[in-house]
Amino acid sequence: MKAHTIRQQLLATTVIGGLVAFAAPAFAQQAPAPATGIEDVVVTGSRIPQANLVTTSPVTQVTAEDVDVAGVTRIEDLVNSLPQAFAAQNSTVSNGASGTATVSLRNLGSDRTLVLIDGRRMGYGSPADSAADLNQIPGQLVERVEVLTGGASAVYGSDAVAGVVNFIMQKDFEGISLDVQVSTYQHNNDYSGPGNLRDAINARAVGNPTQFKLPDDNVSDGVGKDVNLVMGVNSPDGRGNLTAYVGYRNNEPVLQGQRDYSACAIGSAGATDFTCGGSSTSTPGRFTDFATFDYSMNPTTGAFIPWSSNYQYNYGPLNYFQRPDERYTLGAFGHYQINDHAEAYTQLMFADYSTVAQIAPSGDFFNTSTINCGNPLLSAQQSAAIGCSAGDIAADNSVDMYIGRRNVEGGGRQDDLNLNSFRAVIGVRGEINSAWSYDVAGQFSKVRLSRIYRNEFSATRLGRALDVVDVAGTPTCRSVVNGTDPACVPYNIFSIGGVTEAALGYVQIPLLDSGTVTQQVVTASMTGDLGVYGFQSPMAANSVKVAFGAEYRRDSANRTPDITFQTGDGAGQGGPTTPLSGSVSVKELFMEADVPLVQDQPGVYDLGLDFAYRYSDYDTGIQTDTYKVGLGYSPVESLKLRGSYSRAVRAPNVIELFSAQGFNLFDMDFDPCGNAGSPTATLAQCQATGVTLAQYGSASLDSPAGQYNYLGGGNPNLEPEEADTFTLGFVARPDFIPNFDISIDYFDIEITNLISSIGAQNSVNACYDQNLAAACARINRNANGQLWVGTGYVTDIGANVGGLSTAGVDVNANYRIDLADMGIGTGDAGRLAFNFTGTYLDSLVVDPGAEGGLPYDCKGEYGNECGTPNPEWRHRFRVSWDAPMNISVAGTWRYFSSVELYGVPSSSTRIDRVFDAESYFDLAATWQVLDNARLRVGVNNIFDNDPPLTASAGTTGNGNTYPQTYDALGRYFFLGLTANF
């Protein structure tokens, strides 16, 4: 479609003049009084005021009360309780954590969910994550959160493909409010779910009691502390207000070893049992394919004996299930009415967030491939076992020997992340006359990343520390002898206690990474009531209302890892962390119109159209058009039928365009050419991708941890992705059921030209299942035929691929009633309130494109290509009782329907093929102890449900499950007090 043609058509619809302006934010309101009509509540999704229950785009709302009832200190936990929202980055991610907390509406990706504060976009969360970081939002100042799902690019710009999450903040507070909360997790370690995992751990403990052991039967951990102070004052003349806040939050870590269901890394899932697996990078180590140590044969040096899976390293217990974090927040919201036509306003927000992601110790992950036969660290038995002849020893020849040896002496790898964020908005708004109002503002946000990766090995130093010669009876690094590296210290892993502090001090290094990301926005907008000029349907009581304007936005990012990160010298990194530098700017014009057609007529209580359009011009040469058309029809006041169609566009962001290419890891259960002797691909297929006859079917092709290498990175030639969003539904507030409302809406979102990548496992599947030559060409095996070690990898660079689509139905219902009206109790027995929010998922289809294979549906699936679970049905049902004596009690039922492991046939007997449906029950109470003091207490996951377990969680999940979806840590207790002065 031609941009100018679309612009002419849509601009002509509303006859809007050409003043350059920008999108006015949704004005924050105090918590609304109980609605008496559909039109009483203000909505997210339009710059033109209207009632949220009757907009043509569905909006779901959570309030400050939900924060209290759920006891959340992390705002992402509040948002992700909604069925429309899925967690992405959060506090339960350890392997691959960015330090941010993000949300993904409809599970379409956090990059496609635009996060707003009072209607204005938040900037990038980090130089490593373009999605907004919810850690920046002070939870106690959140008045309400409005979630609009579906394309909203015409109203808010790029990134709103899946929808927007709008945080409305308190801004007219007066007085002082102190809020304090403490929380903890409690769990009974009595896992009795499928798989008898406790038996598997006990069986492995017989031979290795230090690595395999069950935790205490009853544990309490993960203590959280949250303190917030809010201060507000009105100006003496009553024309302004300044509300300031300061907050502190601290959460203690939870280790996977403290839960019985994550105390070992699940290796496989049989028909009735799980097994405890682990990594070949073990202790005392794995040497090539054949050997480990048996210290009983020689208590000093040990002897090589045949390797078996019994010697795998249990990497699970030291991983964090919940990362420790510490956050400081500080900010202020202010406004002042200068005169009848101008109100100045500002928002200032600062957050300092620190967290540590810990995973199992580093080591020699088969980074070294040879060893010299004259090495004095080797015993005679060891030298002979690896094929060193007397002549080889005398000549100090090298032989092949891969080493997998875990750095148990150095402790777990710790990714210490600090994000320092600042956001400022300053503007002026007001009424020009009875018809027109304006809003002009500037906005700046900046996030600085400071990262230290601790307890990592240098692959270069590791190679030098293992290349050892005898100098007058003293084992000495060859690099010391030849002067290459005089600081080298031998790393003796061939005898008991051989690893010294000096050796660790040499091979173990910190890795450093830093960067900044900024966003600058200049906005201006006008809204007008054209009824003053006669623009009004003769059959409507309300006139045509419009908004139009312009925006300039510039995003820039830079990231500078140190040379160790950049070269991939970190032995346990899986590949390099590469630099980033670039910027993108865009100039935009937009318009919006609300057109009542018929009102208060027989059979038509209200009929109207709304339109939105945005034109964007990027400095990368991209030009886009986005638009929306909505129709609302109320035959009577109590019923509203609504539908909308929108075209949303997301242009590639700075990270997607300019990230350098480097290696990373993807999850795959097994290599199709290996699979422990039962390959699923044919010999001919595997030979075509570099596997020899001798390697075909070998277990050495399978990664013990289920992680394989891929080459990914940015692509400056990316084009925008487009999404068509269709919604159709109704809102009803029937007269015959007072205080009841319900909305049911069908949604359909289809994204084409998706900015993503084909997917490494999609490429593997397309090659071996569908014989696609282009997919096979992306598979690059090392000399041993492997994809998980050395130079083996799958190419998966960012690209515009096929697409992504989803469809389903949202249901929202509310009802409240006085108990006295039900004949319960005498006098005032209180009021009951019911809230139900549910989503049925009809489809979630991924199309990898022509080179990636056939489309596949992740509805009701989890794992492998589908990642986190995608239940067909999710709901949250809450019953609240406002009781006498200033007490309120709320019970919540959270439900997730069953899901199946993607790619595993229904005939399979794997015990993790199906996750059964999960229900969680929460209970909370608040008590207004004094006029100025309110106490709250609660417990979530009352019955301490164990999470569903799988051998296929990989790096997408954590601790053998998906803690982003399921309650994985047990019961959550919280106690809080709010005091107002």
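Two residues are in contact when they have heavy atoms within 4.5 Å of each other. This is a predicted model, where local features need pLDDT of at least 70, side-chain atom pairs count only at pLDDT 80 or more, and totals for chains, interfaces and linings use all residues. Residues are numbered from 1 along each chain as its sequence is written, and side-chain values use heavy atoms, leaving out hydrogens and water.

Let's start inside. Leaving aside neighbours within four places in sequence, Ile751 touches Leu108, Arg112, Val161, Glu721, Glu722, Ala723, Gly802, Gly803 and Leu804. Ile751 is also among the residues with the most contacts inside the largest nonpolar core. A core here is a set of buried Ala, Val, Leu, Ile, Met, Phe, Trp, Tyr and Cys residues joined through side-chain atoms within 4.5 Å, and buried means under 20% relative accessible area (exposed is over 50%, partly exposed in between; 1.4 Å probe, protein chains only).

| Nonpolar core | Size | Residues include |
|---|---|---|
| Largest | 48 residues | Leu134, Ile137, Val145 |
| Second, separate | 27 residues | Met401, Leu466, Ile493 |

Now for a sheet. Strands are DSSP E runs of at least two residues, numbered from the N terminus, and two of them pair if DSSP finds at least two bridges between them. Four strands make an open, mixed sheet in the order β34-β35-β39-β38. β34 (662-667) and β38 (779-780) are at the edges with a single partner strand each, so one side of each has no neighbour in the sheet. β38 runs antiparallel to β39 (residues 793-795), joined by 2 bridges; Asn780 has Tyr793 in β39 as its bridge partner.

Elsewhere, Val937 lies in strand β49 and is partly exposed, at 41% relative accessible area.
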